[in-house]
Amino acid sequence: ASFTVSLRTVDNVTVTVKLRSGILSSCRIRVKNFFRSELKIKPGENLTFAFTCSTPEKYFIMEIQKNIDCVSGPCPFGDVHLYPLGLPRLNRTFTWDVKASTKAGLELAFSPWLRQIEPGGTCPDFVSYNINSCIDTAIVNIGTFCRNGSVSRVKLLGGVVMSLHLPWNSHLTTSGFSIANRASIKRLCIIESILKGESSVTLMSPNYPRGFPEDELMTWQFVIPSSMRASVFFHNYSLSNCERKEERVEYYLPGSTSNPEVFKLSDSQPANIAGSFNLSLQGCDQDAQNPGILRLLFQVLVQHPQIDENVTHLVDLSKEWNMTVTIHLEGWPSRIPPMSEPICLICKDPRTCDRGLTLVSGASYKISFLCKDLSRLRITAEKGISCVDIRWCQRKIYSLSVPKAITQLPIQLHKFIWKLLAPDLISIEITSPSLKLQQHVPEQRCNTSYSYSIVSATPQTELNVGVFCPGGSIEKIQMRNNITISLKTFGKGFLNESNHQDLKMSFVPHIKDECTFTVRPDPKAKVYLQSPNGPYGLPPYVSISWYVIVPSKQVAHLGFSKDRMGITCETGRAYVNIKEETPGAEETVRREDELLPKPRNMYHDFWVNVSNCKPVDKTQLTLQFWVTFTDKQMDLGVILAVVAGAGVLMAIGVAVCCVKKKKKKSQNPMVGVYNTNVNTQMPGKQGLFKKGRKNNESHVYAVIDDAMVYGHLLKESNGLVAPEVDVYRPFDGPVGSLPPSPPPLSFRKDIKRSSNTEEPTSVPDTDHDTYTFAHLKSGQSEDNGDISEKNNGDTSTSLLENKEQNDLGE
């Protein structure tokens, strides 16, 4: 098909057809017998042309520009028409370049009204307007707009360059705007926006996101029914570097006695405005060397007055310290609800409202809600507790409970965060005296209305201790470093349960492990405990301990959820240590390359300690174990052992008497008789027992071999009850309340072992702290770290040999 374009000189219109930018095509424009890739038709020309392809809209665009001079001649006021007609169906851009004096401003009126979009955005129908203001040689982009919005008019100072972009398949036949002449507005521009009913409009400063012109002034006029309420929110802004004056916004508000009301861009902007108002943006004289950028993107929300807008709620934070409370819309500020959703605002006075409101401790607030559905609001609070004076804070117990000023509000508490900061050499202790805590693990999930998430901040990394809820068996958690506790609620049940919170914290002396748990399980329950940072695993070289309290008439059954630790160490060794809290108790130690202990009975309070190495690859150490309880029962083996022990005592008593009689008759003492005149006892700390062995004669034996008769009883009873005379167990010293430490550093290294033995190099004991349970006494040989179940074959023999060695030492 061929097209004929006839342009009148008086219209001053130029038509250009050219290839789209970046397109290479064999399609050409044919004018008579000539082929072109670009065609320009000037005013007064009449031209017929055609395309050499059937789909020219894929390759060509058309620009139609009309120049209007309102300075030297009269302006063609009124509706602006699309001229010329009969153009080919290509993507078209109509541009009207109107030159006007700054003493007589121009007004553009739109039908339908427009909606401003950010530069680079697209309109649903791909029909868009672009408005540029021209003052002398300076061009300022007022904005890009789509159809069907609230912007009804734009008034400009001086000339304007107005562009209309139409897609090739658009059937639009009118420009949609008209031009009128008005008096000078003495500012860059005025944008009028008419809002009817509940609605929202987003607008931007000229040249957005580039800078607003230096020392310029512009105004937005909002026409709002007096029965509605409007609120202004600044979503994105930046400031330039001013040499003179100050950047600001000014409001003319209905009913205000101090118009214009001046605000900084960083201030909370007016809200709940009844009726129409004006908003102006004023620039400043900028620094020539570093001007900076002044820009603003804001939103105006319009809603009906709320029934309870005059109902205030008192939030008294005057007695709180170092705490902030934020009331916000669900998902705010990361999520801004679309215009179709109901508006929900929080106000701390009739004019200061926002989707989020932050209150600080030390003051009282009267707040109100402009919200039809309060269930969409949430509360997030944060409180800091730190220790400045160690002498004072170590004697104080802090309550980690949500203040009533928060729980009494008709809004759901989303999260309450405590940030606990401890000085060097001071640790933090968390207790729950009455409720106790349950660890949230897959086998034992929390089903309460709230839970605590505990995170420890170490110098190198964060350690996620775990998620805990009330109603468990953990009564104390000690953390070596600063920690953050986050209380999170689920549903509305927390309002009723909040009165029973009993979480406490205090500052305690420094602990060696990263974390220590004190567990007092319910004798009728099965308790699952898991190492922190699950399922990602413990950080390298971190040690964790659990102290499990066993009731006096109960026996604890301890088992691990898997057979191995499941890691391979690159540096050092990973260990699991188990030891009962009783004098002479043996320690069970397992490395990462060994099987974890089988389920076993524990008759006293006991420790479980896990210490990590630096794993290879991405393997991580996670440990989970369980504890159950049964009533103690006296079995036949124990009874026989007790009877046998009584028999041995009687036999030894008779033997001692015989030895004494023979000693009086004999001139030469026997070789095996103890010589009380020689003090061979090594100096050391006084034990728990006040009467030492040197003050009695229980260690004197007449016939040492008789004790071998009872060795099989120890095997049958698994060594649980040991005779007090025939088998001697060396006393390990006072029993402390601190957890066992990992094995000495030498245990963490790869020790060269011979083919027949696994004896590591002996390490002298230099640390007498009761915290550890792997240290050796002076003169005592060191075992290979796997002693729990290897010597059960001949217990009495090895123990009697130990007795003889200790007797010689004394």
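Me: Where does the charged end of Arg-355 sit in this model?

Reply: In this predicted model, the charged end of Arg-355 lies over the ring of Phe-233, 5.5 Å from the ring centre. A further case is Lys-526, whose charged end sits over the ring of Trp-626 at 4.7 Å from its centre.

Me: How should I read a pair in which both partners are aromatic rings, and how many aromatic pairs does the structure hold?

Reply: The general idea is that a pair of aromatic rings is described by the distance of the centres and the angle of the planes. The structure holds 23 aromatic pairs, and one of them joins Trp-96 and Phe-177 edge-to-face, with 5.1 Å centre to centre and 80° between the planes. That pair links distant parts of the chain, since Trp-96 belongs to strand E9 (residues 91–99) and Phe-177 to strand E15 (residues 174–181), 81 residues apart.

Me: Is Trp-96 buried or exposed?

Reply: Trp-96 has a relative accessible area of 3% and is therefore buried, the cut-off for that term being under 20%; Phe-177 is buried as well, with a relative accessible area of 3%.

Me: Which aromatic pair is stacked, and what parts of the chain does it link?

Reply: Phe-222 and Phe-277 form a stacked pair, 5.0 Å centre to centre with 25° between the planes, and they connect strand E18 (residues 217–223) with strand E24 (residues 277–282), the two residues being 55 apart. Phe-222 is buried at 1% relative accessible area, and Phe-277 is buried at 2%. Ring pairs also link Phe-222 and Phe-277 into a cluster whose other members are Trp-220, Phe-234, Tyr-251, Phe-263 and Phe-298.

Definitions and conventions: Residues are numbered from 1 along each chain as its sequence is written. This is a predicted model: local features need pLDDT of at least 70, side-chain atom pairs count only at pLDDT 80 or more; totals for chains, interfaces and linings use all residues. Side-chain values use heavy atoms; hydrogens and water are left out. Rings of Phe, Tyr and Trp (its six-membered ring) pair if their centres lie within 6.5 Å; planes under 30 degrees apart count as stacked, over 60 as edge-to-face and the rest as tilted. Helices (H or I, at least four residues) and strands (E, at least two) are DSSP runs, numbered from the N terminus. Buried means under 20% relative accessible area, exposed over 50%, partly exposed in between (1.4 Å probe, protein chains only). A charge sits over a ring if NZ of Lys or CZ of Arg is within 6 Å of the ring centre and within 35 degrees of the ring normal.
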